[in-house]
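I opened a notebook page to record what I looked up, entry by entry.

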Amino acid sequence: MPDLTRRRALTAAAAVAATASAATLAAHAASAADHHQPGSPGSFDEVYKGRRIQGRPASGGGHHHEHGGGYAVFVDGVQLHLMQNADGTWISVVSHYDPVADPRAAARAAVDELQGAPLLPFPAN
């Protein structure tokens with residue numbers, strides 16, 4: 001077996017450091033790009049009963065506390081405030097007592113409940 005030389009030791013140390021740095025950077029980039037909770041829903045953009053509903057992971061630049069698990073939903077461009085329950089279901093300020101499986105279903109339930117009325121902006125503190 002060859003003896004460990006300074007060159008081999010430095011090469012091995014550099015390789016380990018480069019691998020660790022690459023792994024750290026990849027993990028940081030993944031968490032920055034997808035900072036919402038694991039398993040959270042993806043984005044959607046559709047027209048439901050003549051109303052445009054959109055949902056996407058929130059950028060976090062809004063309110064002091066986010067109940068929607070880092071997820072934002074809009075009905076005709078107005079934010080529909082959501083909250084994710086401990087059991088994983090979702091409710092909104094419009095359909096607060098009718099939990100649904102995901103934010104898209106919450107947006108659809110809000111459109112159903114609004115019955116054509118506009119969604120008014122929810123006042124922030």
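**Entry 1: tryptophan 90.** I started with tryptophan 90, which has 3% relative accessibility and therefore counts as buried. Buried means under 20% relative accessible area, exposed over 50%, and partly exposed in between, with a 1.4 Å probe and protein chains only. I noted that the model is predicted, that local features need pLDDT of at least 70 and side-chain atom pairs pLDDT 80 or more, while totals for chains, interfaces and linings use all residues. Residues are numbered from 1 along each chain as its sequence is written, and side-chain values use heavy atoms, with hydrogens and water left out.

Tryptophan 90 is found in strand β6. Strands (E, at least two residues) and helices (H or I, at least four) are DSSP runs, numbered from the N terminus. I checked the C-alpha atoms of tryptophan 90 and valine 100 and found 5.2 Å between them, although the two residues are 10 apart along the chain. The side chain of tryptophan 90 also reaches the backbone oxygen of glycine 88 at 3.5 Å. This is a polar contact, that is, a pair of N or O atoms within 3.5 Å; within protein, one must be able to donate a hydrogen and the other to accept it, and residues adjacent in sequence count only if both atoms are side-chain atoms.

**Entry 2: the aromatic pair.** How many aromatic pairs does a search of the whole structure find? It finds one. The ring centres of tyrosine 71 and tryptophan 90 are 6.1 Å apart and the planes are at 65°, so I wrote the pair down as edge-to-face. The rule is that rings of Phe, Tyr and Trp (its six-membered ring) pair if their centres lie within 6.5 Å; planes under 30 degrees apart are stacked, over 60 edge-to-face, and the rest tilted. Tyrosine 71 belongs to strand β3 (residues 71-75) and tryptophan 90 to strand β6 (residues 90-92), so I noted a link between distant parts of the chain, 19 residues apart. Tyrosine 71, at 4% relative accessibility, counts as buried.

**Entry 3: strand β3.** Next I followed β3 itself. Five of its five residues are buried, so the strand is largely enclosed by the rest of the structure. In a regular strand the side chains alternate between the two faces of the sheet. For β3 I listed Tyr71, Val73 and Val75 on one side, with Ala72 and Phe74 on the other, and both faces are covered.

**Entry 4: the sheet.** In what order do the strands of the open sheet run? The order is β1-β2-β3-β4, four strands with antiparallel pairing. Strands pair if DSSP finds at least two bridges between them. Since β1 and β4 stand at the edges with a single partner strand each, one side of each is left without a neighbour in the sheet. From one strand to the next the twist averages 25°.

I then looked at the bridges.

**Entry 5: the salt bridges.** I counted five salt bridges in the structure. Each is a side-chain nitrogen of Lys or Arg within 4 Å of a carboxyl oxygen of Asp or Glu. Aspartate 76 came up again, meeting arginine 51 at 2.5 Å, N to O. Arginine 51 lies in strand β2 (residues 51-57) and aspartate 76 in the loop between β3 and β4 (78-80), so the pair ties together parts 25 residues apart in sequence. Arginine 51 is buried, with a relative accessible area of 9%, whereas aspartate 76 is partly exposed at 41%.

Arginine 104 and glutamate 46 form another, with closest N and O atoms 2.5 Å apart. Arginine 104 is in helix α2 (residues 103-114) and glutamate 46 in strand β1 (residues 44-48), so this pair ties together parts 58 residues apart in sequence. Glutamate 46 is buried at 16%; arginine 104 is partly exposed at 30%. Glu46, Arg104 and Arg108 are linked in a network of salt bridges.

Technical notes
Axes are lines fitted to C-alpha atoms, for helices over the stretch in contact, and angles run from 0 to 180 degrees between N-to-C directions.
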